[in-house]
Amino acid sequence: MDLTALRPVAEKLFADVRELSFDGVGVTRESYGPRESATADLLRRFAEAEGLATETDRAGNLIFTLPDTPADVPTVWCGSHIDSVPQGGNYDGLAGVVAGLLCLIEQARSGVRSPLPLRVPAFRGEESAWFGKAYVGSSALLGKLDHDDLELRQRDSGKTLGDSLQDVGADMEAIRTGQTLFDPSLVRAFLELHIEQGPVMVARQLPVAFVSGIRGNIRHNGIQCIGASGHSGAVPRWLRRDAMFAVADLIMRLDEHWSDLLERGTDLVVTTGMVSTNAAEHATSRIPGQVRFSFEVRSKSIDTLEAFYQLMRAECKAIGRERQVRFEFDRRLITDPATMDPQLCQLLSKIGAERAYPFEVIASGAGHDASMFANAGIPSGMIFVRNQHGSHNPDEAMDIDDFMCGVDVLDQAVREIR
């Protein structure tokens, strides 16, 4: 199919969404917040103007289809998420939703439909930045939210996740009882186009790539190191219970373990993205008695994740004894690694080769909704599009030509899945 005419459509849609979600630095589309909702409304109006059908599913996500799509036949799903991190980039998630919409528009305009009907979900709440949990919209759909998840609070408003879901029309009775809110047997495949969120494709000059698997993670949003405050000049080192030095010690030890494991070929990334002392007690001359920090470890291996997590806990105990501090942990969150369907990966690679696009098959270090569907037993595949300057920052710079290459592969794949 010739998708050339849809390039201006994509450019305008990206520009319109950026305009409504620009925060002065980057874009902010809060999970279940005003700008995520405004984005959903804009996409709904756009789709309806193109003659597409829209609906809200039982988890509060937005769904696009052709108008006369039957509800009880096998389908191909192709979408992503519409929220963003605070002061993030415009393409993370949104590119996948726009790509799916372009495939639907091409079918509507040409009259040539794919063998299996196409459904394009725009998931809400994929980013963990807002409630401390990722993949909320897809987790709700798959019956994977528990009571503790629904009691999580939004970082700014303090509103619970359960109340936020209810406000967008989700079926809370079904969600609270862990029901799957759709029939997985009717989903023949789940495809997600997404920008690459690292530097590999730029370095290798690849416009597109296809994903073999997605790293899982174990994380704590907030660990407290509790020692004792004191005067910086009056307490000698051997009598100090300095929480900041204890946390710094922990981070350096974990970095050494990480380096050793990488030398052995272990797939692993470790991050402490937030470290803070109590702002109300800030003083240059004060020994910090309390430090709050985050912890995250990612790997393609669940065994590696668990082993490194236990190593972290052991180091906390050792440092607690040595520095006379204690560590208090909030709820542990875990997301399993996922393997993309080999046949779908082969199909995408075949199409990429037929189109003569430079590509490779690579793993994803970042998490995606596709992992939820893969781990639920639904054949899943991902297309990466090259993106400058990484992601989760305002400088995302996906080239529209690369994006249209990805859409081309996606459109052909939808037409070849039976």
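Start by selecting L43: apart from residues up to four places away in sequence, L43 touches L13, L62, F64, I82, V97 and L101, where a contact means heavy atoms within 4.5 Å.

Before moving on, a quick word on what you're looking at. This is a predicted model, in which local features need pLDDT of at least 70, side-chain atom pairs count only at pLDDT 80 or more, and totals for chains, interfaces and linings use all residues. Residues are numbered from 1 along each chain as its sequence is written, and side-chain values use heavy atoms, with hydrogens and water left out.

Now widen the view. The largest nonpolar core has 59 residues, and L43 is listed with F14, F64, L101, L102 and F403 as having the most contacts inside it. (A nonpolar core is a set of buried Ala, Val, Leu, Ile, Met, Phe, Trp, Tyr and Cys residues joined through side-chain atoms within 4.5 Å; buried means under 20% relative accessible area, exposed over 50%, and partly exposed in between, with a 1.4 Å probe and protein chains only.) Select residues 94–110 next: that's helix α3, which gives the most to this core, with 10 residues. There's also a second, separate core of 41 residues, and it includes W77, I175, I214 and A370.

Next stop, residues 187–195. This is strand β6, and 8 of its 9 residues are buried, so the strand is largely enclosed by the rest of the structure.

Now click on V325, in the loop between α10 (302–323) and β14 (326–329). V325 counts as buried, because its relative accessibility is 8%.

Last, go to the loop between β19 (387–388) and β20 (397–398), and select H389. H389 has a positive phi, near 70 degrees, without being a glycine, and is exposed at 55% relative accessibility. H392 lies in the loop between β19 and β20 too. Its phi is also positive, about 60 degrees, and H392 is partly exposed at 42%.

Definitions and conventions:
Helix = DSSP H or I, 4+ residues; strand = E, 2+ residues; numbered from the N terminus.
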